[in-house]
Amino acid sequence: MDLQKLMEVIGVKKKPFELAPGFTVYIRLPSLGQYSECNDPYKTIYHCVVLEDNTKVFESPEQVEKAVDFSIQAKLNFEITQMFTEAMDIDPIEKK
(Lines give C-alpha, C1' and ligand atoms only; values in the text may rest on other atoms or scores of the structure.)
Protein backbone atom coordinates (compact mmCIF):
# COMPACT_ATOMS: atom_id res chain seq x y z
CA MET A 1 0.00 0.00 0.00
CA ASP A 2 1.27 3.46 -0.93
CA LEU A 3 0.96 5.47 2.30
CA GLN A 4 1.61 8.77 0.53
CA LYS A 5 -1.37 8.22 -1.78
CA LEU A 6 -3.48 7.11 1.17
CA MET A 7 -2.69 10.38 2.99
CA GLU A 8 -3.66 12.36 -0.10
CA VAL A 9 -7.07 10.70 0.05
CA ILE A 10 -7.67 10.85 3.81
CA GLY A 11 -5.58 13.89 4.77
CA VAL A 12 -6.81 17.37 5.66
CA LYS A 13 -8.27 19.16 2.64
CA LYS A 14 -7.90 22.90 2.20
CA LYS A 15 -9.77 25.19 -0.14
CA PRO A 16 -8.20 28.52 -1.13
CA PHE A 17 -10.29 31.62 -0.57
CA GLU A 18 -9.21 35.01 -1.86
CA LEU A 19 -10.20 37.69 0.64
CA ALA A 20 -8.90 40.46 -1.62
CA PRO A 21 -6.47 40.58 -4.52
CA GLY A 22 -3.19 39.19 -3.23
CA PHE A 23 -4.65 37.96 0.09
CA THR A 24 -5.55 34.28 0.05
CA VAL A 25 -6.44 32.20 3.08
CA TYR A 26 -7.49 28.56 3.19
CA ILE A 27 -10.66 26.99 4.49
CA ARG A 28 -10.40 23.58 6.13
CA LEU A 29 -12.70 21.53 8.29
CA PRO A 30 -11.93 21.42 12.01
CA SER A 31 -10.46 18.36 13.65
CA LEU A 32 -12.85 16.10 15.52
CA GLY A 33 -11.74 17.64 18.82
CA GLN A 34 -12.23 21.18 17.49
CA TYR A 35 -15.62 20.36 15.97
CA SER A 36 -17.36 20.40 19.35
CA GLU A 37 -16.03 23.94 19.91
CA CYS A 38 -17.50 25.23 16.65
CA ASN A 39 -20.78 26.28 18.24
CA ASP A 40 -20.77 29.89 17.01
CA PRO A 41 -19.52 31.57 13.83
CA TYR A 42 -16.51 33.21 15.50
CA LYS A 43 -15.13 29.93 16.86
CA THR A 44 -15.84 28.22 13.57
CA ILE A 45 -13.93 30.86 11.60
CA TYR A 46 -11.12 30.73 14.16
CA HIS A 47 -10.69 26.95 13.75
CA CYS A 48 -11.32 26.69 10.01
CA VAL A 49 -9.43 29.60 8.43
CA VAL A 50 -5.73 28.91 8.04
CA LEU A 51 -2.67 29.91 6.07
CA GLU A 52 -1.15 27.64 3.44
CA ASP A 53 0.99 25.90 6.10
CA ASN A 54 -2.13 25.19 8.25
CA THR A 55 -1.35 27.80 10.91
CA LYS A 56 -4.41 29.66 12.14
CA VAL A 57 -4.94 33.15 10.78
CA PHE A 58 -6.57 34.50 13.93
CA GLU A 59 -5.33 34.57 17.51
CA SER A 60 -8.75 33.91 19.06
CA PRO A 61 -12.48 33.78 18.34
CA GLU A 62 -12.73 37.15 20.10
CA GLN A 63 -10.37 38.66 17.52
CA VAL A 64 -12.65 37.40 14.75
CA GLU A 65 -15.70 38.91 16.47
CA LYS A 66 -14.17 42.29 17.31
CA ALA A 67 -11.63 42.98 14.56
CA VAL A 68 -12.99 41.37 11.37
CA ASP A 69 -15.58 43.21 9.30
CA PHE A 70 -19.04 41.63 9.24
CA SER A 71 -18.98 41.22 5.45
CA ILE A 72 -15.74 39.22 5.67
CA GLN A 73 -17.12 37.14 8.56
CA ALA A 74 -20.20 36.34 6.46
CA LYS A 75 -18.13 35.36 3.41
CA LEU A 76 -15.83 33.13 5.47
CA ASN A 77 -18.77 31.53 7.25
CA PHE A 78 -20.48 30.84 3.91
CA GLU A 79 -17.34 29.18 2.51
CA ILE A 80 -16.96 27.03 5.63
CA THR A 81 -20.60 25.98 5.40
CA GLN A 82 -20.11 25.05 1.74
CA MET A 83 -17.09 22.93 2.65
CA PHE A 84 -19.05 21.15 5.42
CA THR A 85 -21.89 20.48 2.98
CA GLU A 86 -19.54 19.06 0.34
CA ALA A 87 -17.62 16.95 2.87
CA MET A 88 -20.74 15.47 4.38
CA ASP A 89 -22.23 14.94 0.90
CA ILE A 90 -25.47 16.63 1.92
CA ASP A 91 -28.02 16.93 -0.86
CA PRO A 92 -29.56 20.36 -1.23
CA ILE A 93 -32.97 20.53 0.42
CA GLU A 94 -35.77 21.16 -2.03
CA LYS A 95 -38.17 23.98 -1.19
CA LYS A 96 -41.81 22.98 -1.26
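I began by noting that a polar contact is a pair of N or O atoms within 3.5 Å; within protein, one atom must be able to donate a hydrogen and the other to accept it, and residues adjacent in sequence count only if both atoms are side-chain atoms. Helices (H or I, at least four residues) and strands (E, at least two) are DSSP runs, numbered from the N terminus.

With that in hand, I looked at the start of α1. D2 caps the N-terminal end of this helix, with a side-chain oxygen 3.0 Å from the backbone nitrogen of Q4.

I reminded myself that this is a predicted model, where local features need pLDDT of at least 70 and side-chain atom pairs pLDDT 80 or more, while totals for chains, interfaces and linings use all residues. Residues are numbered from 1 along each chain as its sequence is written, and side-chain values use heavy atoms, with hydrogens and water left out.

Next I listed the elements. I found five helices and three strands, and along the sequence they follow the pattern α-β-β-α-α-β-α-α. The C-alpha atoms fill a box of roughly 50 × 45 × 30 Å, taken along the principal axes.

Then I checked burial (buried is under 20% relative accessible area, exposed over 50%, partly exposed in between, with a 1.4 Å probe and protein chains only). Of the 96 residues in the chain, 28% are buried. Helix α1, residues 3-10, is hardly covered: the count of buried residues among its eight is zero.

I turned to α3, residues 41-48. Which residues of this helix are buried? I found T44, I45, Y46, H47 and C48. They pack against β2 (23-28), α2, β3 (49-50), α4 (61-67) and α5; contact here means heavy atoms within 4.5 Å. D40 caps the N-terminal end of α3, with a side-chain oxygen 2.9 Å from the backbone nitrogen of Y42.

My last search was for aromatic pairs (rings of Phe, Tyr and Trp, the last by its six-membered ring, with centres within 6.5 Å; planes under 30 degrees apart are stacked, over 60 edge-to-face, the rest tilted). The structure holds one. The rings of Y35 and F84 have centres 6.1 Å apart and planes at 50°, so I noted the pair as tilted. Y35 lies in helix α2 (residues 32-35) and F84 in helix α5 (residues 70-87), so the pair ties together parts that are 49 residues apart in sequence. I also noted that Y35 is partly exposed, at a relative accessible area of 49%.
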